[in-house]
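Here's a quick walk through one chain, the place where it meets its partner, and a single side chain worth a look. Have the viewer open as you read.

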Amino acid sequence: MKNDVRILRTEKRWSQAELGDELGVSRQTVNAIENGKYDPSLPLAFKIARLFGRRIEDVFDPGGR
Amino acid sequence: MSSRSNPYRCYDRRYFLELVPIVVATLVGVALALTMPRTPAVRLALAGIGGGVMGWCIVVTVAAIRRLDELQQRIHLIAIAIAFAATGVVASMRRFFELLGVTEYPSGVGLWLFMFIVWNVALVVLHRRYR
C-alpha cells in the first residue's frame with residue numbers, strides 16, 4: 001500500500017524517531033511503513049492521519065499511485 | 001518507545017526482573033529435591049513448582065511481547081511460527097534418524113532449547129527484512 005507518510009513527515013521536519021514517539025511505535029515501524037514494507041493496522045493508520053490533520057484516504061492509497 | 005533498532009527489545013530490564021521469581025522458585029525446588037526425602041508430598045510440591053515456573057515463564061514472555069508495537073509483535077508471531085514448524089519437523093523426524101543410527105538427538109528440554117534458538121535466529125532475520 002502506497003502512502004504519503006514520508007512526505008508529510010518531512011513537511012513537519014520530523015525525524016522518523018520523533019514521529020515514532022508521537023505515534024507510540026518504534027523508528028523501525030515508521031521506516032517500514034514509509035517504505036511500504038509494512039501496512040499499519042487501522043487504528044495506527046487513523047492515528048497517523050489525525051496527527052497530520054488529513055483523512056485516512058488522503059494519506060494511504062490501497063490501489064497504489 | 002525506543003527508537004533504536006534492536007530485534008531483542010522485548011528482553012528489557014522489566015522482563016529480567018519478572019524472571020527473578022523463576023530463579024527463586026527453581027532454587028527452592030532444587031533445595032527441596034536435594035534435602036527432602038521423596039515423599040508423595042515433596043513430589044507434589046516439586047511438580048507444582050515446575051508447573052508454576054513454566055506458567056510464569058509463559059505469562060512473562062507474552063506480557064513482554066504485548067508491550068511491543070504492532071510491527072514488532074508481527075515479527076515475533078512469524079518467528080514463533082517458524083520455530084514451531086521447525087521444531088515439529090525435527091521432532092517428527094526423530095524415528096527416521098534413529099533408523100539411520102543417530103542416537104544423539106534433541107528431545108525434551110533439548111527440543112525446547114532448539115525452538116528457542118530458532119525463534120531468536122528468525123527474529124534477527126525478520127528484523128533485518130523490516131529494517
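What percentage of the 131 residues in chain B is made up of buried residues? The share is 27%, where buried means under 20% relative accessible area, exposed over 50%, and partly exposed in between (1.4 Å probe, protein chains only).

Some ground rules. This is a predicted model, in which local features need pLDDT of at least 70, side-chain atom pairs count only at pLDDT 80 or more, and totals for chains, interfaces and linings use all residues. Residues are numbered from 1 along each chain as its sequence is written, chains are lettered from A and ligands numbered from 1 in the order in which they are written, and side-chain values use heavy atoms, leaving out hydrogens and water.

**Chain B overall**

Chain B has six helices and zero strands, going by DSSP runs (helices are H or I, at least four residues; strands are E, at least two; numbered from the N terminus). Its radius of gyration is 18 Å, well over the 14 Å that the globule rule gives for 131 residues, so chain B is more spread out than a compact globule. That radius is taken over C-alpha atoms, and the rule is 2.2 Å times the number of residues to the power 0.38. Along the principal axes, the C-alpha trace of chain B spans about 55 × 45 × 15 Å. Take the contacts (heavy atoms within 4.5 Å) in chain B between residues at least 6 apart in sequence: 73% of them join residues at least 24 apart.

**Where B meets A**

On chain B, 15 residues are in contact with 15 residues of chain A. About 1,200 Å² is buried between the two chains, with carbon and sulfur atoms giving 48%; buried area is the accessible area (1.4 Å probe) that two parts lose on being put together, summed over both. Seven residue pairs, both at pLDDT 80 or more, are in polar contact between chain B and chain A. Helix H4 (70-92) and helix H6 (109-129) of chain B each supply at least two residues of the side touching chain A, and H4(B) gives the largest share, five residues.

**Gln16(A)**

Over in chain A, Gln16(A) lies in helix H2 (residues 16-23) and is buried, with a relative accessible area of 13%. Its side chain has these polar contacts (N or O atoms within 3.5 Å; within protein, one must be able to donate a hydrogen and the other to accept it, and residues adjacent in sequence count only if both atoms are side-chain atoms):

| Side-chain pair | Distance |
|---|---|
| Gln16(A) and Asn31(A) | 3.1 Å |
| Gln16(A) and Glu34(A) | 2.9 Å |
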